Structures are given as structure tokens and as C-alpha cells.
Amino acid sequence: SLLYCIYCKHNISLKKRVIERHIESKRHQKREKQRADKEISSDKAAKAIEKYDTQLQIVGKTVSIQERVQRFELVEALLESGIPLNKIQGKFKVLLEKSSGFVPERSTLSSLIPAVRIKEMDTLKDEIRGKQLSVIFDGTTHVTEAYAVVVRYNDQWTIHQRLVRLSLLANPLTGDDVASLMTGVICSHLSVDPTQIVGFVHDRASVNDVAMNTLRVVFGNSLDIPCLSHGLDNVGERFDVPELRELLKLWIQLFSHSTKAKLQFRTFFKEAVRSHSATRWWSWYEVLSQVNKHWIRVPGFLAAFDASEVTLVKIVQIL
């Protein structure tokens, strides 16, 4: 006779020492924790579904809660993996049904997306309950404006960041709008006590200065933390280093449209070349930092470069 471990899904001997070694093994303990986490997750899913039903006043569901939880977990996994629900068809659907039973149509699965959101919000609220938080907020152009709010906290010397709100707005926000949005997200959306907020991190746009006049009053424990990186970047823009600017400009051109050049860089330096982006203002520093890191070997790389580039000649001249 043998014992069957439901966590590790294989048989083990009945000998006491073998059983003890198996239970003490890292693999078994890891699988046991995964099973416990899954049960907790399924319980949260059931509660989220019940809350969703209550909000929409759904009654008389003919599908059991266990089956709805199974569908919920499928939707959750697909969303987390970035797989559109309309991909659940053909052979993919057949394959899923072999392991999990009947898989409903996309419209039925998509109706569970709000319940997944409820579970995520409940999990987030549990995660940040009682913790001191800093709030990071900023907007970027997307048709009109996409506005993001992030909370950050320290848990046993590990920093965690969570995106808690992403709003697509018809018009840019005023200072009063920003203050109203932040207050709503923190107090209503997250149900956070105002005393938990210890700082607001933002760029130096004038609307944020106006917003902070209100937020400092509502959240009395908070510090106003304008973005130091933006300030340093603005200082760097005023450095008078024309040769360095020209060198970086040519260096970026050398790799911007050549897969071959990128491959040669990776072969020579054993890492990918850093690229520049017009919308990532810090990427100038990333490029410069990499050049500086390999500065002694850069002439050797250029000498061995397999290309007759005008850009290459100019770089050598500047060096």
C-alpha cells in the first residue's frame, strides 16, 4: 500500500521516516501553501460574486456557486495573462474543457469581469489596511488625458507599489479637480483613513501646487513631495556640454535603425544597448550611463564595428 499526497499529486511509501522527510521537504511545503492560497483565493472569489449579485440584485441563479467560482478563476487567469476572452473558441476552448469541464461563451464569461474587479479591490484594501501610504499621481496625454494614481508603502523593508486608479478623462484637470479626485480615490475608493497618508508625490505642474493647498489640509499628516527627478533633469538641461550632446545624439543614431548594430553591441559587451525615447526624458541618462560604464572599451568596439557608417566616423572624430 502507498499514501497519496494531494498537494504533490504522487504516491509515497508508508514508512514513517519517508513520510516525515516528504512533509518536511520544500517542495511539499510549497505545494501545501499554494493549495492554501488557492482556497483563500476561491473563498474571496465566492464573496466577490455574492457582492456583485447583491449590487445588481441578481436572484435565482441556476448555476451553482462552485461552478461560478470556477468560471471566475478562468476569467481572472485570462485577464492576468492578457488573453482576450474572445480567444476562447475552437481548439483552445476544447482544450480548456478537457481539464475544467464546460466553458461558457465569451458573453457569459465577460459578465464576471466586474466581480473580478471587486475581488481585486477587496484584496488591495486588505493589503494596505493600517499601513502608512504615499500617493503618487500624474497625467499624460491620451486623446485628452489619462490620469494614474499609485499608492506606495513599506512592508518589512520591502517597498510595494500598486496602481489604484486609471482614469481616461475628456478634459485636463484643474487644481481643484485634482484635489477632489485624490480625496475621492483615497477616502471612498480605497476606504483609507486620512491619517494613513504620509506624502503626495507629483511633478511640478502648477495645477498640482494648487491641489496640494487643499490636500495638505484634508490629509494633515502628509508631506508635499514634488518630483526631485524632474528638478534634476531641468538642471541637467542647462549644462553646457555640446560635444557630449553631439556624441550621444550620434551614438543613438548608430543603433536606432540597425538590428545588426544592436546585435554587434550585445556580442561585444554581453548586454543589450540602451535605447532613447522622446517621451522618456530619463532615457538620455540611461544611454549616457551605459556608454560611461563601458568607456574604456568603446574605442575597441568602434574599431571592430562591421559597418561603413558616416555616423561611426563622426563618433570616432569626437572621441
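Guide: Start with the term pocket: an open set of grid points with protein on both sides within 12 Å along at least five of seven lines, and its lining residues have an atom within 4 Å of a point. Note that this is a predicted model.

Visitor: How is empty space found at all?

Guide: Rolling a probe the size of a water molecule over the atoms shows where empty space is left. Here, the largest pocket holds about 550 Å³ of space.

Visitor: Which residues lie nearest the centre of the largest pocket?

Guide: They are Asp233, Gly236, Glu237, Trp284 and Tyr285, out of 16 lining residues. H9, H10 and helix H12 (283-293) are the elements that each give two or more residues to this lining. The largest share, five residues, comes from H9.

Visitor: Where is phenylalanine 239, and is it buried or exposed?

Guide: Phenylalanine 239 sits in the loop between helix H9 (228-236) and helix H10 (242-256). Phenylalanine 239 counts as exposed because its relative accessibility is 52%, and the cut-off is over 50%. Together with Val235, Val241 and Leu244, Phe239 makes a nonpolar surface patch of about 320 Å².

Visitor: What is a disulfide, and how many are there?

Guide: A disulfide is a covalent bond between the sulfur atoms of two cysteines. The count here is zero. Take cysteine 8: its closest cysteine sulfur, in cysteine 5, is 3.8 Å away, so the two are too far apart for a bond; the cut-off is 2.5 Å.

Visitor: Is cysteine 8 buried or exposed?

Guide: Cysteine 8 is buried, at 3% relative accessibility. Cysteine 187, at 30%, counts as partly exposed.

Definitions and conventions. Residues numbered from 1 in each chain as written. Predicted model: local features only at pLDDT ≥ 70, side-chain atom pairs only at ≥ 80, totals over all residues. Heavy atoms only, no water. Patch = residues over 30% accessible without salt bridge, like charges linked within 9 Å, V, L, I, M, F, W, Y side chains within 5 Å. Areas by Shrake-Rupley, 256 points an atom, 1.4 Å probe, with all protein chains shown as cover. Salt bridge = Lys/Arg side-chain N within 4 Å of Asp/Glu carboxyl O. Helix = DSSP H or I, 4+ residues; strand = E, 2+ residues; numbered from the N terminus. Buried < 20%, exposed > 50% of the residue type's maximum accessible area, 1.4 Å probe, protein only. 1 Å grid on protein atoms, 1.4 Å probe; cavity = no way out; pocket = protein on both sides within 12 Å on 5 of 7 lines; lining within 4 Å. Points joined across faces, edges and corners; volume = space filled by probe spheres on them.
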